[in-house]
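Please look over the sequence and the three-dimensional structure below before reading on. The paragraphs that follow lead through the structure step by step.

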Amino acid sequence: MSLAFMSSVFINPISIKSLLFNIEWHALLRYSRVKKLTVLTCAAVLTAVATPATADVLGAKVGVDYVYSDLDVNGFSAVNEQDNYHAYAAFEHFLPLLPNALVEYATHGSSSVGFHQFSATGYYELLDNSLLSLDLGAGYSRYSDIQVGSDVSSQGSPHAYVAAEVLLPVTNLSVFADAKVFGLQDVEGEEVRAGVRWALELPVELGVRAGYTMSNVTFDNALANNDLKFESDGWMLGLDARF
């Protein structure tokens with residue numbers, strides 16, 4: 001039997017070990033690279049979620065809503081189908097640690113039964129892209145002209161704030177909602193707005209929005225050491241501009 005035939009039949013064990021070693025080494029390198037890429041990808045995703053979004057440039061929002069609402073005081077109907085208003089302005093910037101600013105003014109009830117509300121809120125944009133925006137913040141609300149009959153008082157309270165807007169694809173429509181929750185000092189309750197917005201793209205974006213709003217606020221020792229619970233709800237129609 002020739003040496004060539006013998007070498008084709010019998011394989012050197014050292015060569016087999018070398019081949020297996022090379023295969024294992026390349027597999028280990030590939031696994032290490034995949035693992036490193038996975039870790040880096042997860043870290044990038046977590047960083048993107050944990051870091052608040054910021055505006056690319058300076059921006060502002062202004063708007064006013066007409067609210068057609070009813071008002072109950074301590075469970076009894078006090079005002080029906082009353083005209084009320086909600087005006088707001090927001091300023092957004094690109095500084096990551098400084099919150100954006102929102103100021104609001106709203107009326108609830110009538111000139112003889114109800115109250116006025118001024119709110120200042122600092123908030124962060126947790127998400128801000130072409131399809132979804134999500135804001136979270138806190139602030140302070142001041143309630144003036146709390147009135148039932150001839151008695152008048154004023155109170156204030158910190159509040160938590162959340163707002164979201166979802167753009168409906170291939171349309172100029174979006175669905176929005178925002179809420180405040182009160183629970184410190186002498187004021188307890190919450191208020192919510194939700195609806196649909198239609199946008200007109202111009203050098204300044206104009207919007208028309210319609211929806212539903214409700215408010216449930218209790219003032220402790222508001223008038224003559226008596227608690228007052230105001231509950232209002234109604235439809236809203238508004239205009240806004242975004243710069």
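How many of the 10 residues of strand β3 are buried? The structure shown here is a predicted model, and in it strand β3, which spans residues 100–109, is mostly covered, with 7 of its 10 residues buried. In this analysis a residue counts as buried when its relative accessible area is under 20%. For the chain as a whole, 32% of the 243 residues count as buried.

The chain contains 2 helices and 10 strands. Read from the N terminus, their order is α-α-β-β-β-β-β-β-β-β-β-β. Contacts also tie together separate stretches of the sequence: among contacts between residues at least 6 apart, 52% join residues at least 24 apart.

Which strands pair with β3? One partner is β2, and the two run in the antiparallel sense over 6 bridges. Within this pairing, alanine 89 stands opposite valine 103 of β3. Strand β4, residues 113–128, also pairs with β3 in the antiparallel sense, here over 10 bridges. Glycine 109 faces glycine 114 of β4. Strands β3 and β4 form a hairpin, and 3 residues lie between them.

The backbone holds two residues that deserve attention. As a general rule, most residues other than glycine have a negative phi. Glutamate 81 has a phi near 50°, a positive value in a residue that is not glycine. This glutamate belongs to strand β2, residues 76–92. Is glutamate 81 buried or exposed? Glutamate 81 is exposed, since its relative accessible area is 53% and the cut-off for exposed is over 50%. Asparagine 221 likewise has a positive phi, of about 50°, although it is not a glycine. Asparagine 221 is found in strand β9, residues 205–223. Its relative accessible area is 48%, so asparagine 221 counts as partly exposed.

The side chains provide a further set of links. A search of the whole structure finds 10 salt bridges. In one of them, lysine 61 meets glutamate 92, with a distance of 3.6 Å from N to O. This pair links distant parts of the chain, with lysine 61 in strand β1 (residues 59–73) and glutamate 92 in strand β2, 31 residues apart. What are the surroundings of the two partners? Lysine 61 is partly exposed, with a relative accessible area of 26%, whereas glutamate 92 is buried, with a value of 10%.

Another salt bridge joins aspartate 178 and arginine 193, whose closest N and O atoms are 3.5 Å apart. Because aspartate 178 lies in strand β7 (residues 173–182) and arginine 193 in strand β8 (residues 187–200), the pair ties together parts that are 15 residues apart in sequence. Aspartate 178 is buried, with a relative accessible area of 13%. Arginine 193 is buried as well, with a relative accessible area of 6%.

Where in the chain are the partners of the salt bridge between aspartate 240 and arginine 197? The closest N and O atoms of this pair are 2.8 Å apart. Aspartate 240 lies in strand β10 (residues 226–242) and arginine 197 in strand β8, so that distant parts of the chain, 43 residues apart, are linked. Both aspartate 240 and arginine 197 are buried. Salt bridges that share partners also join Glu104, Asp178, Lys180, Glu191 and Arg193 into one network.

The final step concerns the open space in the model. The largest pocket holds about 790 Å³ of space. Which residues are closest to the centre of this pocket? Of the 31 residues that line the pocket, Lys61, Asp128, Asn129, Glu205 and Arg242 are the closest to its centre. The elements that give two or more residues to the lining are β1, β4, β5 (132–148), β6 (151–167), β7 and β8. By class, the lining of the largest pocket consists of 12 nonpolar, 8 polar and 11 charged residues.

Note on methods
Residues numbered from 1 in each chain as written. Predicted model: local features only at pLDDT ≥ 70, side-chain atom pairs only at ≥ 80, totals over all residues. Heavy atoms only, no water. Helix = DSSP H or I, 4+ residues; strand = E, 2+ residues; numbered from the N terminus. Buried < 20%, exposed > 50% of the residue type's maximum accessible area, 1.4 Å probe, protein only. Pairing = 2+ DSSP bridges. Salt bridge = Lys/Arg side-chain N within 4 Å of Asp/Glu carboxyl O. 1 Å grid on protein atoms, 1.4 Å probe; cavity = no way out; pocket = protein on both sides within 12 Å on 5 of 7 lines; lining within 4 Å. Points joined across faces, edges and corners; volume = space filled by probe spheres on them. Nonpolar A, V, L, I, M, F, W, Y, C, P; charged D, E, K, R; others polar. Contact = heavy atoms within 4.5 Å.
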